[in-house]
Each structure stands twice: as C-alpha cells, then as structure tokens.
Amino acid sequence: MRQSKLFLKTQREAPRDETAANAQLLIRANFIHKLMAGVYSFLPLGFKVKEKIIRIIREEMDKLGAEMIMPALHPKSVWEPTGRWKALSKVMYQFKDQTGREMGLGPTHEEVIAEIAKHVITSYQDLPIAVYQIQTKFRSEERPKSGLLRGREFTMKDLYSFHADDVSLEEFYDRVKESYQTVFKRCHLKSYVTEASGGDFSKYSHEFMVESPAGEDEILLCRLCGWAQNKEIAEGKAGGRCPKCGKGVLEKVSSIEVGNIFKLGTRFSEPVGLVFKDSRGATHQVIMASYGIGVERLIGTIVEEHHDERGIIWPESVAPARVHLLLIGEAAPALIKFTDRVYDDLVKAGVEVLYDDREGVSPGEKFADADLIGLPWRAVVSTKTVAADKVELKRRAETETTLVKPKEINAVIK
RNA sequence: CGGGGCGUAGUGUAACGGUAGCACGAGUCCUUUGGGAGGAUUUAGUCCGAGUUCAAAUCUCGGCGCCCCGACCA
C-alpha cells in the first residue's frame, strides 16, 4: 500500500463532538467516516482492520459450523409467528414498500434461520448442526454512542446451533464459549465470561465483557478466578466474597460487551414449527442457541484498549499492515530508489507494508501520522540510514530504535 | 424516549445586535527536509425556515443534525 494512493488524509484534530477515544482516533487517522449517528464508512485502513478481524472470527467459527449469508431485508411475515414483529418494533427498522407491503431490516436472524432450518432438519440424524454468517445488521438505536461501540448499522457474526437435546446443547454451547475467548484473545482483548440475563428471549445467556471505562455495562468481577456477573442480575455486591472461588473480593467494573451467547431452547422452533423425528419416529421440537459478536464494536474496543496520547497502537493480529515504511527527508532519486527497493522486497516476502511515499511532507508530519495510524512497526529510511545501507526499525509501543540492513528486516519483525 | 450541551470554511476556534476574523488544511511560486518547517499569494463558512429589528452568526419560535447523562439494549 502506497500511502500517496490510499484515499487517506489524517486530521490533526478530532471533531469537537467526539469524546470517545475510538471515535476520535479512528476519525483522525482516517480509518472511518461518519455518515450519520451510528453509521460509518470504513475507509481503506479501517476496511483492512475489519477484514483482519473477520478473518480471525471466520477461522474460529469454521471449526464450529459452515458459513452462509442471509438477507438484510425481511418480510413482516417471517417475524410474525414469534411475535417479534411487534416486540422489536422499537429496535427494528420497519416500513412499507411502494406497494404497501410491510417489511423490515433484520436486527438479528433467529426467525430467518429457523425458517430455513425447517427445510434442512427433519431427523435426529441431522442434529446437532450449526451455521453462521457475517452480515450487516440494522438496529434503530435510540441513542447511538461512543463511536463504533453502538451503531445503527453494523456487522455481526451470528452463529446458530440446533440440537436434539439439552446435553448436546450444553456441549456445543461450551465449545462456542471457548471459541469466543479464543477470538477475543487473538484480538488482544482480555474478556470475561459473564453471567447475564437472556433479555427478552432467553433465560440463560453469557456476555463476553472487556473491562473498559468507555463501556456502558457494569459487571461484578472477581479478579482472582475471573468469575463475573452482569450487574443487572447480580446477587452479590461489590466488596463481597466471590461466590465461585470464595476467596476473591467482588469488584464493580464498567465494561464493553463484545459478544453474547444465548440458549434459546424451543423459543423459536416452537412457533415456527421446527421439529425433527427421533429414532422411534416421534416428533420433537428442535432446541436452538444463538451466538453473536459485533465486529465494529470489537474494533472500537481494541482502539479503546490499545492507544496512547499520540494515537492507536494496533495489535499485530488486527493491524491494517505490519510495517509503516517512512521515507524521510528530501526525496532524492537515490533515496527513493533505496526505499522503493525496501518496499518491494518486503512485499515480495509477504509482509504487509504501508509505504509513506509522499513527497514534500515534513519528517515531523510523517512521524506524527505513523504514531496516529499505529502500525506495529515503523521503518525509517533517510539519507542518514542509507549512507550506512540501513533502515531504522522501531516498535510503535516502544521508544528504542535499531538500525538494520534491509535484508534483516524480516528476521527482526518476525 | 426524558434531561443537558452544541451547530460559523474540510478541521479547530473568534466576532457587544453593526465590515464574518484567525490557525491548520487545500491551490500556486520560492526556500526547507529526523518530530506536525518558513515566506509570498489564492481558496473556502454563519445547518434550514420563519419572526423581532434600520441592522441577526448573535435575540425569539419551529425544524433538522451532532455529542453527553439516564432509560432502553435480539
């Protein structure tokens, strides 16, 4: 990626209104652009991050089920049997088309997947099974907030599982729980599995919480054993003993919910008529569960957790590129040639590089932009380094620099 | 949806009811090149609509939008 061609223009200052760190930094660094409250475009760098995160999620989810994709536009009819056309009327965008037909934009997909499942699941031999999608959701949030943390249009990974009995459900549910923790760990987030209410449609649920002052949720947390419970259902109190390990002291911390998993039981299969026949030919309702991760919220959370006063500090796994190559100083032909060569060699070696090849931009501005954009490694080429046939390497999170030969870069950043 | 705050150029920020100014950005020219460089010159703005007034960015009303607190959050 050559920075001169990246549709990139950083800003020295954040829009005054934005107070959330993720909004300020992602806008300043030109990763996202707000179209309206809670609705964002992902510009080239932001898009790269989103792709990285989706790739991580996909790698983990593929171990659990196959990927598919469902529509965002739904007819009212699919939402009626479960009573949710009405129940969700406040969060779902609902409207009539030109012919007066009622439809809506999907805030979630239990109804649609259950409808499809009726054509796929007929026998106990079809169970258990799970599918997932990574798809755009729409929610008419009354109050979008905190940059990417709560939007009206967002990408969600939603996984749905189908089971013949509770044992199967429990077993799979636990596997997903572990997968989720793996996903968040790979995104360099420390998440706590938190007991929570299932909201409107399930008694049991677990939320995956990342401790953050920017969060809108409050949980009771035992740092000793990691047990956590959402404050809305909390029985214990801050300062009390942890009910699980009996040793830790419960602490009240604010947090961001990056994932949520629900045991749905027959809540959706019953009204939709999703049934299967057992080995004796008897009919039973399919037991369901659903599992969600908000992709944009995950990005916002990562920025909240990984930044300093100068900008973002992307973890390697989700950074839009690994190396920010800066050509510093007057762009003399020899210097350009040297730097181009470094760039080409890195690209050939499979390293993702953002090359600040802009001419006439002062060193200070390039350094400031590099700090703001926050790639894990900074590689500087200037007259000084070229004289020694070297490149200066520095990690975004650290201050020490090292001079290495171009051929050695790969070994150092590995 | 309740409460609060705020809408001035791409961004940030001024202007008592009386000539809309400054900085950054962007364009052109010259100089400069290891932590947001200097000079010259140009560019671009009062969210929308009513009202009060000789005169409105400024006051009043309505609308729209954005942010924050709360409520809500499959």
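Axes are lines fitted to C-alpha atoms, for helices over the stretch in contact, and angles run from 0 to 180 degrees between N-to-C directions. This is a predicted model: local features need pLDDT of at least 70, side-chain atom pairs need 80 or more, and totals for chains, interfaces and linings use all residues. Residues are numbered from 1 along each chain as its sequence is written, while chains are lettered from A and ligands numbered from 1 in written order.

**Confidence**
- The model scores ipTM 0.94 and pTM 0.97.

**Domains**
- Chain A has domain 1 (9-308) and domain 2 (323-413), with bounds from an automatic or database domain assignment.
- Their centres, taken over C-alpha atoms, are 39 Å apart.

**Helix 2 and helix 8**
- Helices (H or I, at least four residues) and strands (E, at least two) are DSSP runs, numbered from the N terminus.
- The axes of helix 2 (residues 44-61) and helix 8 (residues 295-305) come within 10 Å and cross at roughly 110 degrees.
- That makes the two helices, helix 2 and helix 8, roughly perpendicular (65 to 115 degrees; under 35 is roughly parallel, over 145 roughly antiparallel, the rest oblique).
- Val49, Lys50, Ile53 and Ile54 in helix 2 meet Val295, Leu298 and Ile299 in helix 8 (contact: C-beta atoms, placed from the backbone, within 7 Å).

**RNA strand B**
- 47 residues surround RNA strand B, and the closest are Gly199, Gly292, Gly329, Gly364 and Ser382 (near: C-beta atom, placed from the backbone, within 6 Å).
- Helix 10 gives the largest share of this surface, eight residues.

Technical notes. Contact = placed C-beta atoms within 7 Å.
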